[in-house]
Amino acid sequence: MRVTNRSDNNQIWQDLETHACRFSDLDLNRLLADTKRFTNSHLQVEHLLVDWSRQLVDQSIQDSLDQLATNSRVHQFLLSMCRGDLVNKTESRAATHVEQRSLHASDQSLQPMFKFAEQIRNGTLRGHSGKSFTDVVNVGIGGSHLGPELVYRALVQRQGPRLHFLTNTHPAARSEILDGLDPDSTLFIIASKSYGTFETLDNAGYIRQWMIERVPPNADLGNHFIHVTSNPEHITNNETVLRVPSSIGGRFSIWSAMGLAIAIAFGIDVYQDLLAGARSMDIHVLEASDIAHNLAIKLALLAVWNTNVIKTESHLILPYDPRLQLLPAYLQQLEMESNGKSISRDGEPINQHTSPIVWGGVETDGQHAYHQLLHQGTRKYSADIIVTHSASSQNDYSNTEDWILANAVAQSTVMFTGNHVSSEQRFKNIKGRHGSTIFVLNELNAFNLGALISLYEHKVACLGHLWNVNSFDQWGVEAGKRLADDVYGFLHHGEAQNVPPATAALLNKIKKA
Ligand code: F6P
């Protein structure tokens, strides 16, 4: 399948540039005054409403974008990915995260995880002294950490072991997590697809020593460690290993045994709800061949419009719900590790921007931190504003829920229309003309969270295809790791052959200080 890039769709790209010039003179307040704008600028899938009324597009721009998607055969790419085609050519792999969460696949492949989680929750599996497990430490980083902690912070836990997340090797991180834990009732999940990530392996070694120093000499620690990996050959003792298919990328692995911590903390039913929510979005995305009504393709096209025509530099993830505090970090990896690329799938240099810088934070806190820059700065950006609002229940916090929703909509509107004041008070002027999309979940539960994550995964896959990059490898992270080994070798063994003089001088200065 020949994938398009600018040269294949020259006329459409020229049309889009022409649209952008025309649109730059439009009065955006008038667009919002259009009684049909919301009707034509939103889609609802299950309990997720997505409104792009405050994006810098009108119908003719969307028609051109839809044509770009059609010409690029984006939907066919999604179907090809979900069929298991080799979409990750540099690693000769498929990308099977969607297949993994399909009903038949997950029922089969996740049974070992479900069984283990149940045994921890019902006390069948206990620690060396016979205590059941009260605390579980997920030892992993990146995609082997972010998904489980995102879900753990988002959902209300009614019963089950407490989760802790150790990602960093810094002594402060280790003591923050381990101090106060009872070694007799703590389970450690060593989560690493490659089983080659320094941080995770170094933490695993430290923890094993930490345990040995705190239990009787002959204690059997076998039940205190479980390994989740795509490379089980690395585990040489008889501790339990749960396998993650190598065709599931780390940033797409929450649907695999990498989600073990979630199943232990919340139970299998809640984890199944997460899968069901993701499947509901899969059905929408894979069945909606009408580009204009495919939510993932719509979000991808808006990202192309903002990144490649409006020329935004960054994209904000702004959850107006502190329970989604980890969503920006999760989506940073999903978006930037997938599409932060500059070589095409054909091995050629890319001739346009790809992933924007993805950042953000919990709101309304951000309104008291970086919104000044957003409203009166010089930078171009787009934003996703995520709101949870249980409109039905008039509960005792509905007023504050309404206040938070009001802020989310107000900020999105000011980003879009700005706030134009008299020339004498230009210091108060807000130019606006930044696009944002509002996502509304009627409730923050496992099903809706699964659907939201699936939507972003499909958007990212569509974007990679539109930008003609491989969204499923991450060669850019290897060089830094190798150089760190060289620098570490200099620091600890004086091996200077791979460390340039300027770097050696800095390191010597630090060591002396
Ligand atoms: O270095 C980046 C990365 O490979 C991510 O893609 C991955 O999620 C993370 O490191 C952890 O990798 P692993 O699960 O193999 O330890």
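Visitor: By class, what residues does the lining of the largest cavity have?

Guide: The lining of the largest cavity has seven nonpolar, six polar and three charged residues, where Ala, Val, Leu, Ile, Met, Phe, Trp, Tyr, Cys and Pro count as nonpolar, Asp, Glu, Lys and Arg as charged, and the others, Gly among them, as polar. This is a predicted model, in which local features need pLDDT of at least 70 and side-chain atom pairs count only at pLDDT 80 or more, while totals for chains, interfaces and linings use all residues. Residues are numbered from 1 along each chain as its sequence is written, and side-chain values use heavy atoms, with hydrogens and water left out.

Visitor: What volume does the largest cavity have?

Guide: Its volume is about 130 Å³; a cavity here is a set of points, on a 1 Å grid over the protein atoms alone, where a 1.4 Å probe fits but cannot get out, and lining residues have an atom within 4 Å of a point. The volume is the space filled by probe spheres set on the points, which are joined across faces, edges and corners. Of the 16 lining residues, Leu-299, Ala-303, His-315, Asp-384 and Lys-459 are the closest to the centre.

Visitor: Which element supplies the largest share of that lining?

Guide: Helix 14 does, with five residues. Helix 14 (295–310), strand 10 (381–388), strand 11 (435–441) and helix 18 (446–466) each supply at least two; helices (H or I, at least four residues) and strands (E, at least two) are DSSP runs, numbered from the N terminus.

Visitor: And strand 10, why is it largely enclosed?

Guide: Strand 10 is largely enclosed by the rest of the structure because eight of its eight residues are buried, meaning under 20% relative accessible area with a 1.4 Å probe, protein chains only. Tyr-381, Ala-383, Ile-385 and Val-387 cover one side, with Ser-382, Asp-384, Ile-386 and Thr-388 on the other.

Visitor: Which strand does strand 10 pair with over seven bridges?

Guide: That is strand 11, in the parallel sense, and there the bridge partner of Ile-386 is Phe-439. Strand 8 (residues 314–319) also runs parallel to strand 10, joined to it by six bridges, with Ser-314 opposite Tyr-381; two strands pair if DSSP finds at least two bridges between them.

Visitor: Switching to helix 9, what do its buried residues pack against?

Guide: They pack against strand 4 (162–166), helix 12 (260–266), helix 13 (268–287), helix 15 (327–339) and helix 18, with contact meaning heavy atoms within 4.5 Å. Eight of the nine residues of helix 9 (residues 146–154) are buried, among them Leu-146, Pro-148 and Tyr-152.

Technical notes
1 Å grid on protein atoms, 1.4 Å probe; cavity = no way out; pocket = protein on both sides within 12 Å on 5 of 7 lines; lining within 4 Å. Buried < 20%, exposed > 50% of the residue type's maximum accessible area, 1.4 Å probe, protein only.
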